[in-house]
Amino acid sequence: MTDKWGNTMNWFKPLGVAAAGLALCGCVSSAGKAGAEPSAAVTGHDAASTASTPIAPVATPGKPLLILNGQLDARPGQLVSLLLDGVGRAAGHDAVTAESRAFGTTVRLRWDTGDSAYEAVAPLAMTDRPGWYPLSVAVAGRTVASDRIQVVRSVRPSFTVGVDWRVARPGAPVSLRFDDLYPGERGTDFTVRSPALPRPVRLVHDNVIDYYDPRAFSAVPALKPGLADGSYAFALYGPHGDRIAEKHLKVRAARPGNPDYLGKPHGPDFYDPARGYPGQGHHEIRVHAGGQVGIIWHDAYPDPGEETRLTATSPAFAHAVHLDRDTSKGADGDDPRYFGIATLRADLEPGRYPVTIVSHHGRVTRTAYVIVPATRK
């Protein structure tokens, strides 16, 4: 699969399932050592934060390699993933099992053809008490690897409302999250209502972000763009319409002197879409009538919801061009950037044509130029 610029992108399966994802977590393995120290794997509370670690465990030739994820600081009911490498399909058949009082039952590992390893994902028992629980993995009844699982105390259900900025801006996305991984909690239909939201929002489980927590529910809606300054209530309702919790969020529009009032824009810049984006654009570009031009806009402090409003206009364009936010890996570490591709009118006379972008609710206007050369006869 390629990104918006045509570059090849690498995609990964959820961390708890793929061997590649597990290896990326920098886990320390157990290779057939009884009483081994627990693996220094990612915890169930922050699975994604360590996924960029480039060091992977290396199996000792001839010895099985056990990799765990979600087994440190784990709450009762949380998921733990197990991967046993170094045991072939012919040797394991369907006789690879894991035993631990933390699970409350025998866990059977299944062969995964894509990872060429035995894998399982199992929940910790809701009745687990805090402590360290031994874990052993056996093939046909013979223990080949061991480790330990750390279980911590259950946490009461919690509802959180958060934003990227210290103060929420009108139109900004807001993170809504309900975590009720706690004994006795049931139901999956949770809704948040607030006068700051355009409509009620249903919270759903995200199996990537909250892979190890089966009872985490979230949503990221946008605040109303025209909200007046003030404190707004966000109420969480359960499956039967009962109010579970309420939080308040302060909303304040940007003011002169705030870094996001005029932002820090750069552009518009241009590039040749036939060649792909080279990493930098040009403030002027020569394009023949009827041709295409790529448009780039950077802003270190864009207005909330800017990606739905940014438009490039020009008398040279066949029509105005909406600029999309670049969410590809190529934008990592860069200021937020937006792009679009415009088609020039075929009937253009040679000349210098302005291309204009208006941002920050009309407070910022920038112009660059497309040069249409004379057609050679």
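A: D213 is buried, because its relative accessibility is 4% and the cut-off for buried is under 20%. This comes from a predicted model. The partner of D213 is R177; they form a salt bridge whose closest N and O atoms are 4.0 Å apart. The two residues sit in distant parts of the chain, 36 residues apart. D213 is in the loop between β12 (201-203) and β13 (216-219). R177 is in strand β10, residues 175-179. R177 counts as partly exposed, at 26% relative accessibility.

Salt bridges with shared partners join R75, R177, D179, D210 and D213 into one network. The structure as a whole holds 17 salt bridges.

Another of them pairs D303 with R363, with 3.7 Å between the closest N and O atoms. D303 lies in the loop between β18 (292-299) and β19 (311-313). R363 lies in the loop between β23 and β24 (364-372), so the bridge ties together parts 60 residues apart in sequence. D303 is buried, at 6% relative accessible area. R363 is partly exposed, at 31% relative accessibility.

E284 pairs with R352, and their closest N and O atoms are 2.9 Å apart. E284 belongs to strand β17 (residues 284-286) and R352 to strand β23 (residues 351-359). These are distant parts of the chain, with the partners 68 residues apart. E284 counts as partly exposed, at 36% relative accessibility.

Terms used
Residues are numbered from 1 along each chain as its sequence is written. This is a predicted model: local features need pLDDT of at least 70, side-chain atom pairs count only at pLDDT 80 or more; totals for chains, interfaces and linings use all residues. Side-chain values use heavy atoms; hydrogens and water are left out. A salt bridge is a side-chain nitrogen of Lys or Arg within 4 Å of a carboxyl oxygen of Asp or Glu. Helices (H or I, at least four residues) and strands (E, at least two) are DSSP runs, numbered from the N terminus. Buried means under 20% relative accessible area, exposed over 50%, partly exposed in between (1.4 Å probe, protein chains only).
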